Amino acid sequence: MALTAQDVASLAKLARIELTDAELDVLAPQLDVILESVARVSEVAAQDIPPSSHALPLTNVFREDELRPCLPRDVVLAGAPAAEQMRFRVPRILEEEA
Amino acid sequence: MTLRQPAAEIILQSAADLASKIKSGELSAVEVARAHLDRIAEIDGEIHAFLYVDGERALATAARVDAKIAAGDEVGPLAGVPLALKDILTYAGAPTTCGSKILEGWLPPYDATVTRRLLDHDLVILGKTNLDEFAMGSSTENSAYGPTRNPWDTSRIPGGSGGGSAAAVAAFEAPLAIGTDTGGSIRQPAAVTGTVGVKPTYGGSSRYGLVALASSLDQPGPCARTVLDAALLHQVIAGHDPCDSTSIDQPVPDVVSAARSADVSGMKIGVVSELGGEGYAPGVEQRFHEGVELLASLGAEIVEVACPHFVYALPAYYLILPAECSSNLAKFDAMRFGLRVGDDGVASAEQVMAMTREAGFGAEVKRRIIIGTYALSSGYYDAYYGQAQKVRTLISRDFDQAFSQVDVLVSPATPVTAFKIGEKVDDPLAMYMNDLCTIPSNLAGNASASFQVGLAPEDGLPVGLQVIAPPLADDRLYRVGAALEAALESDWGGPLLDRLPELGPVR
């Protein structure tokens with residue numbers, strides 16, 4: 001399989017983690033060993049087996065469509081890394097070239 | 001105030017005994033809380049079971065419980081008993097870190113349902129316990145705040161992810177603790193610390209307020225020193241919760257009566273053929289087989305049962321779990337809570353997000369998020385995640401087949417006893433092997449537990465026997481566990497933890 005540092009960098013980009021070069025060099029062989037090991041699931045011939053996404057059968061759960069109290073805004077914003085005008089303050093969301 | 005009993009006599013008691021003495025007035029909840037807080041102050045520098053000790057609030061809660069009892073008010077069956085809460089369940093007013101730098105100092109704005117039930121039942125929460133970061137690990141070495149040490153040998157791991165909860169209970173810092181079990185995080189720490197740990201049926205206890213690792217696998221449950229104590233705590237925390245849409249809307253199995261009955265006569269018990277042999281420590285196999293023979297001598301019928309797909313449980317789990325966790329941990333985006341780094345007015349939200357996740361997550365969390373991202377990416381989805389989901393079906397079918405022949409299954413809880421801190425940190429696959437026996441039950445969503453069966457002769461470290469029961473037959477776990485405990489303690493002349501090496505001046 002041989003996962004390269006370059007492959008790990010692409011995956012990290014998708015996962016929004018800015019890995020250092022040193023981390024990429026350590027992670028690539030580690031992840032390669034793990035992926036090779038978990039690939040054993042393909043040994044099971046399972047064409048006609050239905051997949052399970054959950055432990056027990058699930059049904060939709062409904063409740064009455066009525067107003068319920070929610071957390072007060074100031075309580076929620078108290079845990080935010082930055083807040084302004086009673087809102088979450090976030091860094092710019094558009095690229096400069098956009 | 002002066003203690004009416006030496007503190008040592010208080011902390012050595014079971015939760016059941018403490019509860020009845022608090023109720024009768026023989027002990028006050030305040031002196032019980034104080035004795036445990038003193039014990040924590042004395043030895044937790046060495047054990048590091050706690051990330052946060054909530055001493056003042058614990059004493060205030062205990063005083064309220066004493067007042068309620070004095071006034072003749074109705075109180076819960078564990079009223080006044082101290083408890084340690086795994087730091088992945090929210091408790092408003094105390095930080096929830098999940099063992100991660102990304103949530104350092106974060107104060108949750110609400111209580112988890114499990115926490116709410118503990119408080120409503122008058123338990124006294126002493127603090128929050130250490131864990132592998134976001135519950136990813138089998139040793140607590142992945143905690144960003146340093147490892148917890150095993151009270152049996154402080155150079156060794158206490159298991160994980162709930163090593164803090166198990167060590168707190170084993171070291172007599174608390175008679176009870178809450179754990180969460182995604183692939184063995186309650187049972188494996190219980191096994192290697194000589195304590196009791198139970199994973200209820202998936203949906204048996206609420207996940208509301210539990211910071212999600214893998215939503216289809218996570219399940220909160222009790223940690224204790226005795227089987228009855230675990231059952232009493234199970235009864236308090238379990239039951240339907242409208243805030244968790246996967247919560248089971250059915251009565252909680254009568255686990256307390258089962259623990260009191262301790263009767264396995266006529267029970268059919270299956271030994272899983274696949275969980276033993278190569279890779280298992282000789283002392284683990286020896287104590288496990290002695291435990292099985294003991295159950296036979298108590299009137300259980302023992303048969304061997306094959307579960308041929310269990311050999312694929314570990315690989316399937318290490319695809320399903322990373323896939324779910326890569327999605328669940330996407331919420332740590334530096335926008336609404338937790339850490340934010342690099343917000344210099346120039347960097348974009350995406351850049352800040354990537355820098356924050358780089359700075360805030362530890363190595364194992366990064367490994368699993370990347371594996372999950374890989375397994376879910378187009379081109380690989382069918383071969384990895386899709387195939388793992390099919391294996392999950394095959395494992396459930398193995399269990400269905402087994403439970404058509406037997407009432408419960410048994411196996412060692414973990415292949416080896418507690419290993420040295422640092423021994424496996426650089427070998428993720430070797431670390432993953434610790435959950436070999438516990439993972440199948442999470443994939444199928446049934447009930448399972450680890451009970452202590454003695455010390456391995458070669459290293460003098462605790463061994464756990466795992467019991468697995470069908471969904472909603474959690475009571476059977478307690479029948480088996482209590483029968484084993486009673487027979488073993490009568491052989492040993494006392495509890496296993498009587499043999500715990502001395503920690504601090506109390507013992």
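Ala354(B) is buried, because 22 other C-beta atoms lie within 10 Å. (Buried takes 20 or more other C-beta atoms within 10 Å of the residue's own, exposed takes 12 or fewer, and partly exposed is in between; C-beta atoms are placed from the backbone.) Ala354(B) belongs to helix H12 of chain B. Helices here are DSSP runs of H or I with at least four residues, strands are runs of E with at least two, and both are numbered from the N terminus.

What does Ala354(B) touch, leaving out residues up to four places away in sequence? It touches Arg16(A), Ile17(A) and Glu18(A). Contact means that the C-beta atoms of two residues, placed from the backbone, lie within 7 Å. As for Leu59(B), it is 295 residues away from Ala354(B) along the chain, and their C-alpha atoms are separated by 42 Å.

A quick word on what you're looking at. This is a predicted model, where local features need pLDDT of at least 70 and side-chain atom pairs count only at pLDDT 80 or more, while totals for chains, interfaces and linings use all residues. Residues are numbered from 1 along each chain as its sequence is written, and chains are lettered from A and ligands numbered from 1 in the order in which they are written.

**Where the chains meet**

On the chain B side, 58 residues are in contact with 46 residues of chain A. Which elements give two or more residues to that side of chain B? They are helices H11 (313–328), H12 (349–360), H13 (363–376), H14 (382–403) and H15 (428–432) of chain B. H14(B) has the largest share, with 11 residues. By class, this side of chain B splits into 34 nonpolar, 14 polar and 10 charged residues. (Ala, Val, Leu, Ile, Met, Phe, Trp, Tyr, Cys and Pro count as nonpolar, Asp, Glu, Lys and Arg as charged, and the others, including Gly, as polar.)

**Chain B as a whole**

Chain B has 17 helices and 11 strands. Its radius of gyration is 22 Å, close to the 23 Å that the globule rule gives for 507 residues, so chain B is as compact as a globular protein of that length. (The radius is taken over C-alpha atoms, and the rule is 2.2 Å times the number of residues to the power 0.38.) Along the principal axes, the C-alpha atoms of chain B fill a box of roughly 65 × 60 × 45 Å. Of its 507 residues, 64% count as buried. Among contacts in chain B with a separation of 6 or more, 77% come from residues 24 or more positions apart.

**The core**

In soluble globular proteins, nonpolar side chains tend to be buried together. Here, the largest nonpolar core has 188 residues, and Leu83(B), Val124(B) and Leu319(B) touch the most other members. (Such a core is a set of buried Ala, Val, Leu, Ile, Met, Phe, Trp, Tyr and Cys residues joined through C-beta atoms within 7 Å.) H11(B) gives the most to this core, with 10 residues. Leaving aside neighbours within four places in sequence, Leu319(B) is in contact with residues of both chains: Val38(A), Val41(A), Ala375(B), Tyr384(B), Tyr385(B) and Ala388(B).

**Crossing helices**

In chain A, the axes of H1(A) and H2(A) come within 8 Å and cross at roughly 100 degrees, which means that H1(A) is roughly perpendicular to H2(A). Axes are lines fitted to C-alpha atoms, for helices over the stretch in contact, with angles from 0 to 180 degrees between N-to-C directions. Under 35 degrees counts as roughly parallel, over 145 as roughly antiparallel, 65 to 115 as roughly perpendicular and the rest as oblique. Ala5(A), Val8(A) and Ala9(A) of H1(A) make the contact with Leu24(A), Asp25(A), Leu27(A), Ala28(A) and Leu31(A) of H2(A). Seven of these residues are nonpolar, none polar and one charged.

Two residues other than glycine have a positive phi worth a look.

Buried or exposed: which is Arg16(A)? Arg16(A) is buried, with 21 other C-beta atoms within 10 Å. His48(B) is buried too, with 22. Finally, a cis peptide bond joins Gly160(B) and Ser161(B), with omega about 5 degrees. Ser161(B) sits in the loop between S3 and helix H6 (163–170) of chain B.
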